[in-house]
Every structure is written in structure tokens, then in C-alpha cells.
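Here are a few friendly notes to read alongside the model. Please keep the sequence and the 3D view open as you go.

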Amino acid sequence: MSAPISIQRRINVLSKTRKRCAICGSRENLTCDHFIPQWTRCVGNDFEDLIPMCEKCNHDKDCNFLELSKLKYLPEVYVEMLMRYYRENSNYLKKYVRKFGDYRTNGVLDVDRALLVLKSYDEYIQLHQYELNWEELEE
């Protein structure tokens, strides 16, 4: 498990969506959740990987990977940031999900679906490769 998220980091993450859930737009019971699930063991509390989510959407996400189309309230610049973060870890993630996804999530994760979502991230990156700013983005 990651260390607790600092107050300043939480404020910065919530400002990504002007204090709304990145999925449903709710302003109630907001949390900071990892875009790349913690069970994959490749996340810390990096600003790039954290997104604002209400408790309900966080619960619904469970241990799964989010489809980009669900991030209706997350500005494109932060979607790009998520994709850059994913790209840095993509080879590891695909191998880890195949090998340990079922075990690390106690059978909750649909490994085939997770791999399809990861493939959609790759397709997004391929489609936008010339538009995306792959430079380091500062918090």
C-alpha cells in the first residue's frame, strides 16, 4: 500500500476537475484514487496517477482499470498525463496483469477485460502520438 496522500497533493488532485468526481461529476464524498490500480504494485502517490473520484465511483471501479470514456469530467490535459504515466509502465503492467491479476485481486478482476482496456490505452497513445506532449508535466 502507498503512504497516505498529503493534504497539498489532495488539494492539487481535486483541482484537476474543480473538485468534481472525474467520472460522474459529483462534488460529494470525494477521494483521490489511483488510475492504475494499487494491486499492480507500480504506483505510488504520483500526481500523474491520481484522479478525483466520489466514494461510489471509487467503489464501483474496485480493482479494475478505467476506460478513458468514463472520465467525462477530467480535462484532456490530465488524460494525456495519465497516458504518459501508463506508457512508462505499460510493458510491466501487461505482464503483471496476465500473470498475477486473478491472484492479486482474489478473482475479482476479469483479466481479459483488463487487457482489453490496456489495449485501448495503447490505441489512444498511437492515435494521439503526434499531438501528445510527452515532456514532463509539472504538478
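**Notes on rings and a threonine**

1. Y96 and F100 are four residues apart in helix α3 (residues 76–104), so about one helical turn separates them. Helices here are DSSP runs of H or I with at least four residues, strands are E runs of at least two, and both are numbered from the N terminus.

2. Before going further: this is a predicted model, where local features need pLDDT of at least 70 and side-chain atom pairs count only at pLDDT 80 or more, while totals for chains, interfaces and linings use all residues. Residues are numbered from 1 along each chain as its sequence is written, and side-chain values use heavy atoms, leaving out hydrogens and water.

3. The structure has seven aromatic pairs. In one of them, the ring centres of Y96 and F100 lie 4.9 Å apart with planes at 45°, so the pair is tilted. Rings of Phe, Tyr and Trp (its six-membered ring) pair if their centres are within 6.5 Å; planes under 30 degrees apart are stacked, over 60 edge-to-face, and the rest tilted. Ring pairs also link W39, F65, Y92, Y96 and F100 into a cluster.

4. Buried means under 20%, exposed over 50%, and partly exposed in between (1.4 Å probe, protein chains only).

5. Do look at T31 too, in strand β1 (residues 30–34). T31 is buried, with 18% relative accessibility. Leaving aside residues up to four places away in sequence, T31 touches several residues, including R10, L14 and N58; contact means heavy atoms within 4.5 Å.
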